[in-house]
Amino acid sequence: MTIADSGFMMENGGSCLPYTPEQEKQIVDDLMNKSESSLKEGNLYYVVSNRWFTSWQRYIGQGNGEYPINGHLSDSQRLDAVPSKTAERPGPIDNSDIVLNGNECELDDLEILRTLEEGRDYVLVPQEVWEKLFDWYKGGPALPRKMISQGITHKKFMVEIYRLCLKLTDSRDNSQSVIRLSKKASVHELYERVCTLKVVEQEKARIWDYFNKRKQAILVASNQTLEESNLQMDQDILLEVQLDGYWPSGFGMDSTGNELALVPMEPPRSSVSIAGGPTLSNGYSKVHTSNLYQGSPLGSTYTDMEDGYDVLRSVAKGDRGGLAGLQNLGNTCFMNSAIQCLVHTPPIFEYFLQDYTEEINKQNPLGMNGELAFAFGELLRKLWSSGRTPVAPRAFKGKLARFAPQFSGYNQHDSQELLAFLLDGLHEDLNRVKQKPYIETKDSNGRPDEEVADECWRNHKARNDSLIVDVCQGQYKSTLVCPVCSKISITFDPFMYLSLPLPSTVTRIMTVTVFYGDGSGLPMPYTVTVLKHGYCKDLSQALAAACCLKSDENLLLAEVYEHRIYRYIENPSELLTNIKDEEHIVAYRLPKKRAGLTRLEIIHRCQQQCTPDSLKGGERKLLGAPLVTYLGEDAQTGADIDIAVSRLLSPLRRKTYPSSSNVHSGKENGSVSEATDNPTNSCNTQSGSGNQSTDGTELEEMSRWELSFQLSITDERGLSCKPIEKDSLIRPGQFIRVMLDWTDKEHELYDASYLRDLPEVHKNGFTAKKTRPEAITLFSCLEAFLKEEPLGPQDMWYCPNCKEHRQATKKLDLWRLPDILVFHLKRFSYSRYLKNKLDTLVNFPIHSLDLSQYVKCKDASSQSHVYELYAISNHYGGLGGGHYSAYAKLIDENRWYHFDDSHVSPVGESEIKTSAAYVLFYQRVKAAPKIGTGEPSLGHTSS
């Protein structure tokens with residue numbers, strides 16, 4: 001058989017029985033799990049358009065269009081995956097929206113659009129899944145990609161979506177071709193591909209690294225990978241063919257008409273020294289050139305000449321060092337920004353312009369064999385010796401790919417994350433401690449803070465001693481307090497930078513419907529104002545004040561989705577950014593003392609049409625918002641549940657229905673009208689607090705002979721329902737979920753409209769009011785970082801007294817400040833649904849940043865705590881993209897410059913303070929020596 005309009009036909013013209021959506025889902029799930037358990041290099045994956053894949057997900061009932069490709073369901077996928085009865089079967093697989101149009105490639109060499117993002121534009125499926133999908137749906141085109149391994153010490157598997165694209169120039173006729181190979185392909189494979197394409201014998205061909213249209217080096221056919229050869233995406237390579245035993249000449253002339261010099265096998269011995277250091281050869285100390293990293297890509301000769309000039313050339317008179325830009329190698333502006341800030345850090349560039357090779361630690365298992373320090377030192381020397389000629393950091397990027405695979409490829413990354421890796425990696429490569437001693441950590445045990453801090457710092461220095469520790473590392477005091485036994489734990493830890501949160505300047509208006517857990521009042525929506533980036537405890541506190549919560553009550557927050565409780569929000573430290581504006585949030589007023597009590601959740605259900613004719617065979621559907629209460633300690637039977645349900649529904653009794661008690665007596669809740677701008681329900685029908693429409697005695701009488709309602713015990717998905725009888729025994733437990741069937745009788749007795757139409761958290765179209773940018777200062781960010789706050793549930797602390805993990809409170813204090821102080825402004829936030837960037841302007845001082853009041857060490861008074869700004873890493877645009885640049889100050893000329901990849905331009909000091917500031921670099925202002933008995937005066941640092 002076939003499915004209409006599905007294109008589901010076998011190639012031989014026959015038909016086959018298709019699988020049901022449930023079967024397709026199960027087959028793919030099994031194959032996904034199998035693939036996750038057998039990850040290895042060389043596995044084949046296929047790129048599939050997310051547009052088509054989402055339509056398939058809807059067909060099989062996979063939630064909201066996010067498939068657990070990585071083997072994990074997101075929070076938004078926890079809803080029950082029930083196949084949709086309305087989603088149509090998708091047509092053939094269609095990848096046309098992710099393939100570059102107009103390319104002249106073979107079908108197996110199709111190029112994918114460069115601007116795509118995984119999860120948004122495409123998904124990756126294992127080969128087995130693709131084969132099944134293709135068998136069921138046909139279509140295409142197929143876009144196979146291999147899994148590769150990145151990194152040395154920390155290997156990382158990733159699928160190579162974008163293969164290396166090389167632009168081949170044939171020197172014989174100057175024709176252009178495009179070669180696409182994996183960056184893990186060997187140079188030998190490149191020769192095979194080029195020679196086959198150009199019909200040339202390999203013995204008569206040579207291929208040049210032709211980066212920037214200049215001959216950099218001959219690529220020797222070997223097993224060295226293209227990545228190790230520092231070939232970049234979209235760069236040029238040059239083919240030369242030997243004719244009559246001679247190689248062509250004159251191709252690749254420089255601006256003077258002279259053929260560019262080939263890179264010699266042995267570098268010239270230069271007598272030029274940089275910054276007064278010893279004579280260098282090949283960028284390193286002469287004593288190291290013969291025995292350091294033989295065969296390493298870093299040790300190859302051409303890496304120092306790859307940019308078209310000799311790193312050791314003398315700086316021409318009038319050239320100023322430190323004004324060279326960095327060429328963008330494809331979304332590497334994040335790297336360029338971080339590097340420019342580091343190479344303009346006075347202690348760092350002074351160190352690397354001298355002979356630092358004696359301090360290279362090649363034996364450190366935590367380091368990178370010294371290769372990262374050499375690559376960085378080499379790049380720094382180029383930047384300080386090239387005048388204004390931009391430098392292409394190809395060799396350095398290659399080192400990053402080897403040692404930090406998370407930065408490989410051509411995607412945008414975070415400059416602060418790269419900075420953290422660089423500082424840590426440089427420290428380990430330059431660590432003067434060759435054999436780290438074992439040091440047992442001692443508890444403070446009431447000793448003076450100064451004694452404990454000095455001991456911790458000595459222990460740290462005994463294992464970590466490098467330039468980075470000397471100038472970039474400080475120390476802070478961390479105080480943990482157990483919330484149960486009040487045990488205090490004090491530790492002193494080193495830091496390399498401070499990540500400061502941005503206090504929110506945007507408030508958020510949220511509407512939440514509050515339900516009474518004892519049936520004493522009608523549900524009522526309340527609108528409150530909270531900090532946009534606050535916590536759920538802030539929302540609970542605002543609601544408590546708005547609804548006049550009693551001292552013996554607290555609020556239980558929950559998210560309602562399709563008339564069910566999707567999740568309870570019980571973590572007070574959960575960020576409010578996890579709650580979207582279009583969600584429906586409710587709060588239940590419940591007793592504080594509920595230990596040992598059973599929570600009862602009531603879900604409402606009715607016939608599709610609540611008429612007598614439809615009761616016999618109509619389809620049931622859910623309605624309204626669930627109700628939540630707690631059963632008494634003596635509740636044991638179905639009759640007790642029936643009483644609880646009747647109590648919760650009592651405020652909903654219709655006025656016209658005769659009742660033995662006045663269900664609407666009592667005072668109005670005056671706080672409601674004050675807390676809400678437009679309450680959806682009138683307050684004059686709400687019973688007063690403490691009044692119940694039916695007292696307990698009458699409720700017991702009602703359920704003595706038979707139950708008042710049709711109730712069933714159900715599960716989380718509502719798939720199984722077990723009717724509750726009067727004498728049904730209740731198994732004591734933490735949670736009971738009950739389905740209440742609304743018949744005509746219930747609709748006559750109770751007004752269900754109070755349960756329907758829950759308001760959204762916030763309606764679209766609202767623009768949050770922002771306070772003035774001046775409200776945020778660097779000091780307020782620092783104070784937010786240092787304030788006491790509870791640890792998150794994922795960071796529970798093990799209390800040695802309680803012998804259990806506790807959600808302790810944590811307080812940080814600055815104890816010892818470094819000469820170079822780096823502040824990271826946490827502009828990026830991540831939540832369950834959204835990734836967000838804060839563009840708030842932070843007012844940071846350029847001169848005289850005085851942190852004396854924040855340093856708690858009493859003995860630190862001899863050191864200056866005043867700092868001067870000298871560099872900024874900027875981020876423009878949104879999350880996952882945007883652009884990085886840097887501002888850096890040349891100390892010698894006291895002038896700021898803007899480093900925007902290759903472009904370097906002067907900038908006024910008044911222009912550097914922007915909302916794009918992301919990472920701030922400060923240098924300590926050295927205190928002038930004391931004169932007589934006077935106080936020390938502060939002077940500017942001279943470097």
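Over the face of which residue does K537 lie, and at what distance from the ring centre? K537 lies over the face of Y535, 5.7 Å from the ring centre; a charge counts as sitting over a ring if NZ of Lys or CZ of Arg is within 6 Å of the ring centre and within 35 degrees of the ring normal.

1. Basis of the note. The model is predicted: local features need pLDDT of at least 70, side-chain atom pairs count only at pLDDT 80 or more, and totals for chains, interfaces and linings use all residues. Residues are numbered from 1 along each chain as its sequence is written, and side-chain values use heavy atoms, with hydrogens and water left out.

2. Overall composition. The chain comprises 17 helices and 39 strands, where helices (H or I, at least four residues) and strands (E, at least two) are DSSP runs numbered from the N terminus. Of its 943 residues, 52% are buried; buried means under 20% relative accessible area, exposed over 50%, and partly exposed in between (1.4 Å probe, protein chains only). Among contacts between residues at least 6 apart in sequence, 72% join residues at least 24 apart, a contact being heavy atoms within 4.5 Å.

3. Nonpolar cores. A nonpolar core is a set of buried Ala, Val, Leu, Ile, Met, Phe, Trp, Tyr and Cys residues joined through side-chain atoms within 4.5 Å. The largest has 61 residues, of which F352, F376, L380, F396 and F421 touch the most other members. Helix 7 (residues 371-385) gives the most to this core, with nine residues. Apart from it lies another core, of 42 residues, which includes V586, L590, L648 and W742.

4. F421 and its surroundings. Leaving aside residues up to four places away in sequence, F421 touches M368, L372, L400, F403, A404 and F407. Both F407 and F421 are buried.

5. Aromatic pairs. The whole structure contains 26 aromatic pairs; rings of Phe, Tyr and Trp (its six-membered ring) pair if their centres lie within 6.5 Å, with planes under 30 degrees apart counted as stacked, over 60 as edge-to-face and the rest as tilted. W130 and F134 form a stacked pair, because their ring centres are 5.9 Å apart and their planes stand at 25 degrees. These two residues are four apart in helix 3 (residues 127-137) and are therefore separated by about one helical turn. An α-helix has 3.6 residues a turn, so residues three or four places apart point the same way. W130 is buried at 5% relative accessibility, whereas F134 is partly exposed at 30%. The rings of F407 and F421 have centres 6.1 Å apart and planes at 55 degrees, so this pair is tilted. F407 lies in the loop between helix 8 (394-403) and helix 9 (415-429) and F421 in helix 9, so the pair ties together parts that are 14 residues apart in sequence.

6. Aromatic cluster and a further charge over a ring. One aromatic cluster is formed by Y351, F352, Y356, F374, F376 and F396. R394 lies over the face of F211, at 4.3 Å from the ring centre.

7. Buried polar side chains. K215 is placed in the loop between strand 9 (205-209) and strand 10 (217-219) and is buried, with 6% relative accessibility. Its side chain makes a polar contact with the side chain of E240 (2.8 Å); a polar contact is a pair of N or O atoms within 3.5 Å, where, within protein, one must be able to donate a hydrogen and the other to accept it, and residues adjacent in sequence count only if both atoms are side-chain atoms. S873, in strand 35 (residues 866-876), is buried at a relative accessible area of 2%. The side chain of S873 makes a polar contact with that of S415 (3.1 Å).

8. Cysteines. The structure holds zero disulfides, a disulfide being a pair of cysteine sulfur atoms within 2.5 Å. C548 is in no disulfide, and the nearest cysteine sulfur, that of C547, is 6.9 Å away. C548 is partly exposed, at 49% relative accessibility. The sulfur of C802 is 3.6 Å from the closest cysteine sulfur, in C485, too far for a bond.

9. Helix 17. Seven of the nine residues of helix 17 (residues 778-786) are buried, so this helix is largely enclosed by the rest of the structure. The buried residues are L778, S780, C781, L782, A784, F785 and L786. What covers them includes strand 16 (498-501), strand 30 (809-816) and strand 39 (917-924).
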